[in-house]
Amino acid sequence: AFAAPVREGVTAAGVESSPDGGFVVHTTAGDFSSRALVLATGAFQRPHRPAAAGTLPTGLSQIDINTYQNERALQPGKVLVVGSGQSGAQISEELREAGREVVLACGKAAWIPRRLGGHDIVWWLVQVGFFDQTIGALPSPTARLAANPMATGHGGGHNLNLRTLQAMGITLAGHFLGTEGGQAHFAPDLPESAAWGDQRFRELMSLIERFAAEHALDLPPIDEPGTFAAQAPEWLDLSDFGVVIFAGGFRPDYRSWLPWPDAFDELGFPFQRDGVSTIVPGLFFVGVHFLRTRKSSLFLGVGEDATIVARHVGSHLKSRRPNG
């Protein structure tokens, strides 16, 4: 609409504050000066590895979730996947279908059915307001790092959870604690993690059942989770494993390239209100997880946030003009 000068194939290498209160952005196409700066680098910035990753044998191949391509690109042998959120569960299923022996080290992750009453589960979650939840609805700010619910669109979409993975022949274990003497050690907490996921399932299904009843929508009875076989190994010999895949989600990474360490909290999230930095004048954010709501980092919600942030940018630029 206004012929924005979009530059493609340009890497931003760093940012600094300019003496006049604006910014200088250093890029592979030269330096750019601006009175306002919007950071829209997304929610998935730095793949997370637990501290126990440092105890793995140096000769054992280790990759993060963002570098995974397919089963053929991996070293031969068994695969240890650390992290049972959406990505870890999906990759474990894919590897098992390709014939690999897979061990999945599980944490606390919710699970959801793929479809209910003729609608995709995402349709239901939108209707009940799940994606409109603000950070204030969370038990703590740390809950922003919780895993996405287990589900998949693979093969047209189907249910995916600890029970379906176990039925495929995937070995489930508790949290990965580290290695000792060539053996991987896992916490005895798989039953607690499975029960936690079942409880989140029940809470979400209660929201959907209540909404369906209030709006006279056809919704078949939702089955209770079945019995879960919680037997899990606490030690495994790593000698026949070919690779470890870390699927423990992502963390914000602003501090690694921005010069304002005090602009971010202990988890790395920006101090902001409606996308406006409360620390650095003229700095704005879009696409941050829970920037405003649960959908802020999704295509579903980023446009709504961008409209609000654009208004704030306009107000900031107007206030910086000579004579107002």
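Student: How much of the protein is buried?
Tutor: Buried residues make up 42% of the 324 residues. Buried here means under 20% relative accessible area, exposed means over 50%, and partly exposed is in between, using a 1.4 Å probe and protein chains only. This is a predicted model, where local features need pLDDT of at least 70 and side-chain atom pairs count only at pLDDT 80 or more, while totals for chains, interfaces and linings use all residues. Residues are numbered from 1 along each chain as its sequence is written, and side-chain values use heavy atoms, with hydrogens and water left out.

Student: Ok, and how many helices and strands are there?
Tutor: The protein has five helices and 19 strands. They are DSSP runs numbered from the N terminus: helices are H or I with at least four residues, strands are E with at least two.

Student: What size of box do the C-alpha atoms fill?
Tutor: Roughly 70 × 60 × 35 Å, taken along the principal axes.

Student: What share of contacts join residues at least 24 apart?
Tutor: It's 64%, counting contacts between residues at least 6 apart in sequence. A contact means heavy atoms within 4.5 Å.

Student: Which residues make the nonpolar surface patch?
Tutor: Val-122, Val-126, Leu-298 and Leu-300 make a patch of about 280 Å². Patches use residues with over 30% relative accessible area and no salt bridge; like charges are joined within 9 Å, and nonpolar side chains (Val, Leu, Ile, Met, Phe, Trp, Tyr) within 5 Å.

Student: Where is Leu-298 found?
Tutor: Leu-298 is in the loop between strand E19 (283–285) and helix H5 (299–320). Leu-298 is partly exposed, at 33% relative accessible area.

Student: What about His-316, is that one buried or exposed?
Tutor: His-316 counts as buried, at 15% relative accessibility. You'll find His-316 in helix H5. Leaving out residues up to four places away in sequence, His-316 touches Arg-35, Ala-36, Pro-281, Gly-282 and Phe-284.

Student: Switching to charges. How many positive and negative side chains are there?
Tutor: There are 26 positive and 32 negative ones, and the centres of the two sets lie 7 Å apart. Lys and Arg count as positive, Asp and Glu as negative, and His and the chain ends are not counted. Each charge is placed at NZ of Lys, CZ of Arg, CG of Asp or CD of Glu.

Student: And how many salt bridges does the structure hold?
Tutor: It holds 15. A salt bridge is a side-chain nitrogen of Lys or Arg within 4 Å of a carboxyl oxygen of Asp or Glu.

Student: Which residue does Arg-163 form a salt bridge with?
Tutor: Arg-163 pairs with Asp-198, and their closest N and O atoms are 2.9 Å apart. Arg-163 lies in helix H3 (residues 162–167) and Asp-198 in helix H4 (residues 190–214), so the pair ties together parts 35 residues apart in sequence. Asp-198 is buried, with a relative accessible area of 9%.

Student: What does Arg-292 pair with?
Tutor: Arg-292 forms a salt bridge with Asp-274, with the closest N and O atoms 3.5 Å apart. Arg-292 is in the loop between E19 and H5, while Asp-274 is in the loop between E17 and strand E18 (276–277), 18 residues apart. Both belong to a network of salt bridges that links Asp-132, Asp-274, Arg-292, Lys-295, Glu-304 and Asp-305.

Student: What's the phi of Asp-274?
Tutor: Asp-274 has a positive phi of about 55°, although it is not a glycine. Asp-274 counts as partly exposed, at 33% relative accessibility.

Student: And what about the phi of Ala-216?
Tutor: Ala-216 also has a positive phi of about 55° without being a glycine. Ala-216 lies in the loop between H4 and strand E14 (235–237), and is exposed, with a relative accessible area of 71%.

Terms used: Areas by Shrake-Rupley, 256 points an atom, 1.4 Å probe, with all protein chains shown as cover.
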